[in-house]
Amino acid sequence: MNNLVIGAISGCLVVILGAFGAHGLKDVLDEYGKSIYEKAVLYQMFHTIAILVLGIIEKIQPNIDLDLAGWAFLLGIILFSGSLYILAITGNKFFGMITPVGGIFYILGWVLLLFKVN
């Protein structure tokens, strides 16, 4: 996995999704939906930056393989932020049950990073 490529793609997507939420959905979402959507954007951006940092570390220290941490962050983005995007737009509470699984992947990514660089 090329963490720099994945991070760049996710960075592009998070800007598009953030702009879409701010402009395209401003008259569609209620306050609760807006807060959920903003949380999804925020966590996607944090973990996009984390993926980019993994890629930079791998460039500087090629002997450190951070692919598992990158995959964990990517799965966190898909499951945590993705479920919140869908929940905010549809109001379907089922997607809120997926969110914690994504949170576990976020945590796993940080733990894997800790063990690989320590």
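Let's start with Ile16, which sits in helix α1, the stretch covering residues 3-24. In this predicted model, Ile16 belongs to a nonpolar patch on the surface, together with Val5, Ile9 and Leu13. Between them, these four residues show about 350 Å² of accessible area.

## The nonpolar core

Now to the inside. The largest nonpolar core is made of 22 residues. Tyr37, Leu54, Leu84 and Tyr85 are the members with the most contacts inside this core. Helices α2 (31-60), α3 and α4 (99-117) each contribute at least two of its residues, and α3 gives the most, with eight. As a general background, nonpolar side chains in soluble globular proteins tend to be buried together.

Tyr85, once neighbours within four places in sequence are set aside, is in contact with Val14, Leu17, Tyr37, Ala40, Val41 and Gln44. Leu54 lies in helix α2 and counts as buried because its relative accessibility is 0%, and the cut-off for buried is under 20%. Not counting residues up to four places away in sequence, Leu54 touches Asn3, Leu66, Ala69, Gly70, Phe73 and Leu113.

## Along helix α3

Helix α3 takes in residues 67-90, which makes 24 residues. From its first C-alpha to its last it reaches 33 Å, close to the 34 Å expected at 1.5 Å a residue. After α3 comes Gly91, which has a positive phi, near 75 degrees.

Two further residues of this helix show what it touches. Ser81 has its place in α3 and is buried, with a relative accessible area of 0%. Beyond residues up to four places away in sequence, Ser81 touches Ala40, Tyr43, Gln44, Gly76 and Tyr106. Leu87 is also found in helix α3, and it is buried because its relative accessibility is 8%. Its C-alpha is 7.7 Å from that of Ile36, a residue 51 places apart from it along the chain. Ile36 is also one of the contacts of Leu87, which include Asn92, Lys93, Phe95 and Gly96, with neighbours within four places in sequence left aside.

How many salt bridges does the structure hold? There is one, and its partners are the side chains of Lys34 and Glu31, at 3.9 Å from N to O. Lys34 and Glu31 are separated by about one helical turn, because they are three residues apart in helix α2.

Are the two partners buried or exposed? Glu31 counts as exposed because its relative accessibility is 61%, and the cut-off for exposed is over 50%. Lys34, at 25% relative accessibility, counts as partly exposed.

How values were computed:
Residues numbered from 1 in each chain as written. Predicted model: local features only at pLDDT ≥ 70, side-chain atom pairs only at ≥ 80, totals over all residues. Heavy atoms only, no water. Helix = DSSP H or I, 4+ residues; strand = E, 2+ residues; numbered from the N terminus. Expected span 1.5 Å × (residues − 1). Patch = residues over 30% accessible without salt bridge, like charges linked within 9 Å, V, L, I, M, F, W, Y side chains within 5 Å. Areas by Shrake-Rupley, 256 points an atom, 1.4 Å probe, with all protein chains shown as cover. Core = buried A, V, L, I, M, F, W, Y, C linked by side-chain atoms within 4.5 Å. Buried < 20%, exposed > 50% of the residue type's maximum accessible area, 1.4 Å probe, protein only. Contact = heavy atoms within 4.5 Å.
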